[in-house]
Amino acid sequence: MDYEEIDLSSLAKTLSGSTMLQVKLQDNSNPNLAKNLLKMIIQNPVELINHPRSTYVVQTLIKALSREDLLLLTGVVEKHFLKVSENKCGTHVVQTLLSNQYQEVVQVNTGLYLSGQINGFRSPA
């Protein structure tokens, strides 16, 4: 399947499309898929991160990204942190970022820490 010709944004927002994209990301059957999804999220981050279906695609993508691509996505989330972290779906994306395999990249790039500020919560120092 050629993911460059498909409207991935619309696909990610449907139940069947979201599920299919998650499976494809997990089995790594198409390396271009992750790159195309990352481009899509960068273009419209808040809508896709906060959407009830596409948020699962974003969370799965986080687990599939290289360190460099994760740094790029983290920067995008940081720019929209308030809108993302105040949304139920967006909060799950932030949590996934904070618990990913390259946790230090997220923490250093954003200043967010597992004991830090998520959804307005600030842990005592």
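Let's start with the contacts. Of those in the protein between residues at least 6 apart in sequence, 64% join residues at least 24 apart. Contact here means heavy atoms within 4.5 Å.

A word on the source. This is a predicted model, where local features need pLDDT of at least 70 and side-chain atom pairs count only at pLDDT 80 or more, while totals for chains, interfaces and linings use all residues. Residues are numbered from 1 along each chain as its sequence is written, and side-chain values use heavy atoms, with hydrogens and water left out.

Now the layout. The protein has 9 helices and 0 strands. Helices (H or I, at least four residues) and strands (E, at least two) are DSSP runs, numbered from the N terminus. Buried residues make up 45% of the 125 residues. Buried means under 20% relative accessible area, exposed over 50%, partly exposed in between, with a 1.4 Å probe and protein chains only. The accessible surface comes to about 7000 Å². Carbon and sulfur atoms hold 52% of that. These areas come from the Shrake-Rupley method with a 1.4 Å probe; for residues, only the protein chains shown count as cover.

Next, helix α3, residues 31-43. Its buried residues are Leu33, Ala34, Asn36, Leu37, Leu38, Met40 and Ile41. What do they pack against? Five helices are listed here: α1 (8-12), α2 (15-27), α4 (45-49), α5 (54-64) and α6 (67-79). Asn30 caps the N-terminal end of α3. One of its side-chain oxygens lies 2.9 Å from the backbone nitrogen of Asn32.

On to α8, residues 88-98. This helix is mostly covered, with 8 of its 11 residues buried. They are Cys89, Gly90, Thr91, Val93, Val94, Thr96, Leu97 and Leu98. Here Asn87 is the N-terminal cap. A side-chain oxygen of Asn87 sits 2.7 Å from the backbone nitrogen of Cys89.

Why does Thr55 count as buried? Because its relative accessibility is 2%. Leaving out residues up to four places away in sequence, Thr55 touches Leu48, Ile49, Cys89 and Val93. Cys89 and Val93 are among the buried residues of α8.

Last, confidence. pLDDT is the predictor's confidence in each residue, from 0 to 100. The protein's mean is 83, and 76% of its residues reach 70 or more. Among the elements, α4 has the highest mean, 96. Helix α9, residues 103-110, has the lowest, 58. Over residues 113-125 the pLDDT is below 50. Beyond near neighbours in sequence, that stretch has 17 contacts in the model.

Definitions and conventions
Polar contact = N/O pair within 3.5 Å; in protein donor to acceptor, adjacent residues only side chain to side chain.
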